[in-house]
Amino acid sequence: MAKTFKVVAATGMLGSGFQPASIDKAIALGAQMIGCDAGSTDAGPNNLAQGKCHFSAAAVKRDLSNMLGRALAAGIPLIIGSAGTSGSDEALETLAGIVRELSREQDLHFKMAVIRSELSKDVVLEHLRAGRCHPLTPSSPLTEEEVGESLHIVAMMGVEPIQEALAAGAQVILGGRSSDTSIYAAMPLMQGFRPEVVWHMAKILECGAAAVTMRLAPDSMMAVLHEDSFDIFPLREDYRCSPQSVASHTLYENADPFDLKEPSGTLITRDSQYRAISDTAVNVSGSRFEPAGQYTIKIEGVRQRGWSTVILGAVRDPYILAGLDDWLAQLDEITRIRLSNTIGEQPYEIVTRVYGRNGVMGELEPTPNVAGHEVFILWDVISGSQALSHSIASSVSHLAVHNPIPKWKGLISGVAFPYSPSEIDRGPVYEFHMNHVLVPQTPTSLFHTEFEEV
């Protein structure tokens, strides 16, 4: 085993940007691979449903341009995971097209691996019927009906498909939906570094410079693996890591900061030590890794929930605010009566969010009282068609603006709408409906890799 392994994360998400000089510095320091996560579920289900990337093609091309030539010139692999935000086949092919375009423009030649992670409904049904599909908390067991409702389903790959591509000599690897950490863990695990060190390093590295004390803008982060620890440090001169900033990133996007699940096991950080070794760098040691008794692959699926029209309105009247719950309940009731006479039994849903009270956390808000002089209300009407949602929203907005209160006599106007028309059609809306794992035949059996000489 090599004494050290050096890896750089270009940025936290492909398309978000970074300083090219940071990659130059990492290569000068001996980086042995460049990695970059390109995806996330943070923005919700639309990216997977529609195959669209969160960032523009121009932003993605800029970042790729700043990585591709540098990686090839240095003779080190470039590994991208969760292509096009969602990792769907459509998003992956879009990313591959940008890479091919750059190769022509810059006269670059290399072996590229494209790892597909989108699953057919038949594959998921096969695992479901064989008892090889299990829910993750707090989801319910998956049903065949829910599989049938899916628009797209992706499997989140571990390190094994990436390792196969590296073993086959791929210099550029574009992955579909990937575990963020697998991007950075695949190569050092191949070289024999201990899994507890590798997985913890990958967790801290996955979001680029997010683990610095104050990130002003996205940038690169570098890690140096040792036999029983790793060093982590930023590459921008004005950034620094501290033990607190690095330790806190272990909690990022995790329900538990001490037990971090991967397809092949669990990283345990209860006894991890975070020690400053310079003004900018931190050494991390003391982690453990427990291999899983059963290898599992998380799947993500989306279905259409309906069509949405939203209404944005503000309320400042102190008497309405003093009895806001009663006012909203009265609005719900008169809306129900109005709609029963106009649309009959057609199903619909009206979601009301009150910002300035509990719009962010809803029922989980510990202090659900209006503390200021105004609130902002968002009504989201969801039904089976855009026309029906818009029709319902038109009734809601009209009834809301004149919804009476006992304090005032006659017709009142209690809601201020910032836009005209006040009803804004959002189009189709989607939801994640799979939070489950599959037990694959092998760690690579759900994925398909295509190689090409670019």
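## Stops along the chain

Start with P421, which lies in the loop between α13 (386-401) and β19. Helices (H or I, at least four residues) and strands (E, at least two) are DSSP runs, numbered from the N terminus. This is a predicted model, in which local features need pLDDT of at least 70 and side-chain atom pairs count only at pLDDT 80 or more, while totals for chains, interfaces and linings use all residues. Residues are numbered from 1 along each chain as its sequence is written, and side-chain values use heavy atoms, with hydrogens and water left out.

For another cis peptide bond, select T137 and P138, where omega is about 5°. P138 sits in the loop between β6 (133-135) and α6 (144-148).

**The whole chain.** Zoom out. The chain has 13 helices and 20 strands, and its C-alpha trace spans about 80 × 50 × 50 Å along the principal axes. Of its 454 residues, 51% count as buried. Buried means under 20% relative accessible area, exposed over 50%, and partly exposed in between (1.4 Å probe, protein chains only).

**Positive phi.** Select S82 in strand β3 (residues 78-85). Its phi is near 55°, a positive value in a residue other than glycine. Is S82 buried or exposed? S82 counts as buried, at 0% relative accessibility. Now go to D107, in the loop between α4 (89-106) and β4 (111-116). D107 is not a glycine either, yet has a positive phi of about 55°. D107 is exposed, with a relative accessible area of 55%.

**Cysteines.** How many disulfides does the structure hold? It holds zero, a disulfide being a pair of cysteine sulfur atoms within 2.5 Å. Select C36 and C207. The sulfur of C36 is 10 Å from the closest cysteine sulfur, in C207, so the two are too far apart for a bond. C36 is buried, at 0% relative accessible area, and C207 is buried too, at 12%.

**Empty space.** Rolling a probe the size of a water molecule over the atoms shows where empty space is left. On a 1 Å grid over the protein atoms alone, a cavity is a set of points where a 1.4 Å probe fits but cannot get out; a pocket is an open set with protein on both sides within 12 Å along at least five of seven lines; lining residues have an atom within 4 Å of a point. Grid points are joined across faces, edges and corners, and a volume is the space filled by probe spheres set on the points.

The largest pocket has a volume of about 1,400 Å³. Of the 47 residues that line it, select the closest to its centre: M156, D180, E253, N254 and K298. Strands that each supply at least two residues of this lining include β2 (34-39), β16 (297-315) and β19 (423-438).

Which residues line the largest cavity? Select S40, T41, G44, N47, L48, T85, S86, R177, E300 and F432. About 60 Å³ of space lies in this cavity, and the structure holds one cavity of 30 Å³ or more.

**Last stop.** Select M361, in the loop between β17 (348-355) and β18 (375-383). M361 is partly exposed, with a relative accessible area of 43%.
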